[in-house]
Amino acid sequence: SFRSPAAQFELGRAMHEREAYSESLPWLIMAATQDHPEAQNLLGDAYSNGEGVPQSDTTALMWYRRAAAVGWAEAQMNLGNCYLFGRGVAEDLGMAVRWLS
């Protein structure tokens, strides 16, 4: 059933991988708002790269933070890089090290 966050994510990811970005967003958002960390991270990527949405480092950071907070390793790396390079947040080497360690 497409009511489960896992199914919503898989559908959204499949569309995203085919570069059908705008079609993938509703599915990724549904999964992400139900606390699916992989969907949250992929939404962060979409906003970071402007894939189907206006590019926004601030919004990417928000989604990375949500996924990183529950231990999603890829999101922790992405969040650390945001702090390292000042993307959506002021550069902060201490926070970068925290998330990249």
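Biologist: In which helix is Gln8 found?

Modeller: Gln8 lies in helix H1, residues 5-17, where a helix is a DSSP run of H or I of at least four residues, numbered from the N terminus. This is a predicted model, in which local features need pLDDT of at least 70 and side-chain atom pairs count only at pLDDT 80 or more, while totals for chains, interfaces and linings use all residues. Residues are numbered from 1 along each chain as its sequence is written, and side-chain values use heavy atoms, with hydrogens and water left out.

Biologist: Why is Gln8 called buried?

Modeller: Buried means under 20% relative accessible area, with over 50% exposed and the range in between partly exposed (1.4 Å probe, protein chains only); Gln8 has 4% relative accessibility and therefore counts as buried. Neighbours within four places in sequence aside, Gln8 is in contact (heavy atoms within 4.5 Å) with Phe2, Arg3, Trp27, Met30, Ala31 and Gln34.

Biologist: What makes Ser56 buried or exposed?

Modeller: The relative accessible area of Ser56 is 19%, so Ser56 is buried. Ser56 sits in the loop between helix H3 (37-49) and H4, and, not counting residues up to four places away in sequence, Ser56 touches Tyr47 and Ser48.

Biologist: Why are H4 and H5 called oblique to each other?

Modeller: Angles under 35 degrees count as roughly parallel, over 145 as roughly antiparallel, 65 to 115 as roughly perpendicular and the rest as oblique. Helix H4 (residues 57-69) and helix H5 (residues 73-85) pack at an angle of about 135 degrees, with their axes 8 Å apart, and H4 and H5 are therefore oblique. The axes are lines fitted to C-alpha atoms, for helices over the stretch in contact, and the angles run from 0 to 180 degrees between N-to-C directions.

Biologist: Which residues make the contact between H4 and H5?

Modeller: On H4 they are Leu61, Tyr64, Arg65, Ala67 and Ala68, and on H5 they are Ala75, Gln76, Asn78, Leu79, Cys82 and Tyr83.

Biologist: Why are H5 and H6 called roughly antiparallel?

Modeller: The axes of H5 and helix H6 (residues 93-100) come within 8 Å and cross at roughly 165 degrees, and H5 and H6 are therefore roughly antiparallel to each other. Their contact is made by Gln76, Met77, Leu79, Gly80, Asn81, Tyr83 and Leu84 of H5, together with Leu93, Met95, Ala96, Trp99 and Leu100 of H6.

Note on methods: Helices (H or I, at least four residues) and strands (E, at least two) are DSSP runs, numbered from the N terminus.
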